[in-house]
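Colleague: I have a model open here and would like to go through it with you. Can we start with the sheet and then look at a side chain?

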Amino acid sequence: MAKNKTTETENSVTDFINTVDSEAKRNDAFELVKIMTETTGLKPKMWGPSIIGFGSYHYKYATGHEGDAPLAAFSPRKAATTVYFYLPEEQREELFSKLGKHKVSKACIYITKLADIDTEILKKIISLSIEYTQNLYPSK
């Protein structure tokens, strides 16, 4: 079975954020670290070369594929900052309608500027995502 590429590392979160080209994206990344630290109560860690994660859980799919992933995470990408989440369909519409200017896919929220969104709604999304993930994959 293939090994996961995105694993927790000992690399410095601050050093990584300081390599982000855009000053605005760097500032947003430092602010997201604060928001996620407050919301999760967990310290940020690097996952792979470019994802900042908080906490972790172990998953195992019906296919047998298993691994570890961060409970909450984001990455300051060039086009947009990507916030990763895991929510059931029935919770998505209401939350995302109140979030502000963003794009969303199945498991990612794409934010151009943190100032364009309601960070209180983002905190709620993060908290609910962690709760949902922990219910799906309880720790042993």
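Colleague: In what order do the six strands of the open sheet run?

Modeller: This is a predicted model, in which local features need pLDDT of at least 70 and side-chain atom pairs count only at pLDDT 80 or more, while totals for chains, interfaces and linings use all residues. Residues are numbered from 1 along each chain as its sequence is written, and side-chain values use heavy atoms, with hydrogens and water left out. The order is 1-2-5-6-8-7, with antiparallel pairing, where strands are DSSP runs of E of at least two residues and helices are runs of H or I of at least four, numbered from the N terminus, and two strands pair if DSSP finds at least two bridges between them.

Colleague: And which strands stand at the edges?

Modeller: Strand 1 (44-47) and strand 7 (103-104) do, each with a single partner strand, so one side of each has no neighbour in the sheet.

Colleague: How many bridges join strand 2 and strand 5?

Modeller: Strand 2 (residues 51-54) and strand 5 (residues 72-76) pair over three bridges in the antiparallel sense, and Ile52 has Phe74 as its bridge partner in strand 5.

Colleague: Switching to Thr40, is it buried or exposed?

Modeller: Thr40, which is found in helix 2 (residues 23-40), counts as buried because its relative accessibility is 17% (buried is under 20% relative accessible area, exposed over 50%, partly exposed in between, with a 1.4 Å probe and protein chains only).

Colleague: What does the side chain of Thr40 reach at 3.0 Å?

Modeller: That is the backbone nitrogen of Leu42, while a polar atom of the Thr40 side chain also lies 2.7 Å from the backbone oxygen of Met36.

Conventions:
A polar contact is a pair of N or O atoms within 3.5 Å; within protein, one must be able to donate a hydrogen and the other to accept it, and residues adjacent in sequence count only if both atoms are side-chain atoms.
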